[in-house]
Amino acid sequence: MARVTFPFGPQHPVLPEPVQLILTCEDEKVVEVKPRIGYMHRGIEKGCELNPYKHNVFLCERICGICSFIHAEAYCEVIEKAMGIEVPPRAKYLRVFWAELSRMHSHLLWLGLFADGFGLESLFMQCWRARELVLDVLELTSGHRVIQSTCVVGGVRKDLDPDQIRTVREMLKQFKELYTPIFQVFQHDRTIKSRTWGKGILPKDVAWQLGAVGPTIRGSGWAFDARMDGYAAYGELGFEPVVEEGCDSYARMMVRAREVWQSWELVNLVLDRLPAGEINVPVEDNPKGEAIHRAEQPRGEVIYYCRGDGSPNLKRLKVRTPSFANLPTLLVMLPGCELADVPVITLSIDPCIACTER
């Protein structure tokens with residue numbers, strides 16, 4: 001049978017950001033795929049060597065417009081490791097508070113796009129309506145809906161007062177009422193299962209060999225999550241990762257759908273246990289030496305490395321983002337699938353090209 005090779009992307013309705021897949025098909029079956037990136041490199045790592053290190057918090061959280069807070073948090077934590085700074089307990093809990101709200105709104109955004117990918121427009125709008133409530137909580141507590149700018153080296157720069165905590169609790173109850181029927185649709189709907197069950201198989205051993213991270217590897221049965229390291233306040237909150245065994249698009253979808261509930265519980269737990277005290281410590285010195293830090297983004301593990309020589313500017317900052325680790329899994333998921341399933345399978349790894357190319 002004759003083979004046809006053609007591009008999928010870099011601009012495509014199901015791709016929020018530019019990435020290209022060179023697909024080779026026999027009739028309607030995909031037999032080969034080659035991802036191609038490099039359409040939006042911004043040079044942020046080099047930019048971080050030119051700024052005073054404290055200013056880089058605001059640059060790093062612009063690596064991604066969706067998981068911005070966790071980029072800022074990971075940057076602050078790697079600098080704090082390099083400088084031996086101990087963050088106050090209240091600041092650690094507040095970092096978990098904003099990180100898990102960021103995870104909720106990122107997963108809800110993705111769930112909406114995923115539903116749109118197989119034509120369920122109403123479900124797409126329901127997901128984004130629930131997401132709006134999470135964004136309202138972020139705006140109430142940080143002043144911003146997506147890029148919070150609350151993290152600083154040494155802690156956080158915003159606190160929660162009793163009135164805000166009371167209001168947030170009420171908004172979280174409203175969110176539970178909104179999200180419960182949405183979750184049930186993703187879990188049980190026959191159309192969704194027909195488009196995701198057995199589609200884009202990533203076997204458990206291959207997921208590990210390819211270095212997959214986040215919901216992509218947890219959907220293949222691995223309990224692999226950087227929050228298990230206990231950074232920030234995760235070690236005091238009894239965190240356990242969400243894992244599915246199906247190894248397909250449905251499993252990866254259900255990891256994210258269940259993680260929305262998990263983040264909702266963690267946010268409530270933070271409000272219950274929020275310790276009193278300072279929210280930051282003064283930082284006067286400059287980083288000297290090197291450090292590395294792992295954090296869990298909505299799409300998986302992000303790694304920050306820094307090296308300083310005692311001057312205000314870093315000598316090197318290196319960031320490895322989760323989508324960079326997950327893109328090779330498409331080489332396994334897509335060959336053998338029907339051409340019509342390519343958009344849904346590609347979306348199932350939640351590719352973030354802004355992060356990947358920095």
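**A pair of strands**

Analyst: Let's begin with V4, which stands opposite C25 in β2. This is a predicted model, where local features need pLDDT of at least 70, side-chain atom pairs count only at pLDDT 80 or more, and totals for chains, interfaces and linings use all residues. Residues are numbered from 1 along each chain as its sequence is written, and side-chain values use heavy atoms, with hydrogens and water left out.

User: How many bridges join β1 and β2?
Analyst: Six, and β1 and strand β2 (residues 20-26) run antiparallel. Strands pair if DSSP finds at least two bridges between them. Strands (E, at least two residues) and helices (H or I, at least four) are DSSP runs, numbered from the N terminus.

User: What order are the strands of the sheet in?
Analyst: β1-β2-β3, in an open sheet with antiparallel pairing. β1 (3-8) and β3 (29-36) each have a single partner strand, so one side of each has no neighbour in the sheet.

User: New topic: where is confidence lowest in the protein chain?
Analyst: In helix α14 (residues 353-357), with a mean pLDDT of 78, while helix α10 (residues 249-273) is highest at 95. pLDDT is the predictor's confidence in each residue, from 0 to 100. The chain's mean is 90, and 100% of its residues reach 70 or more.
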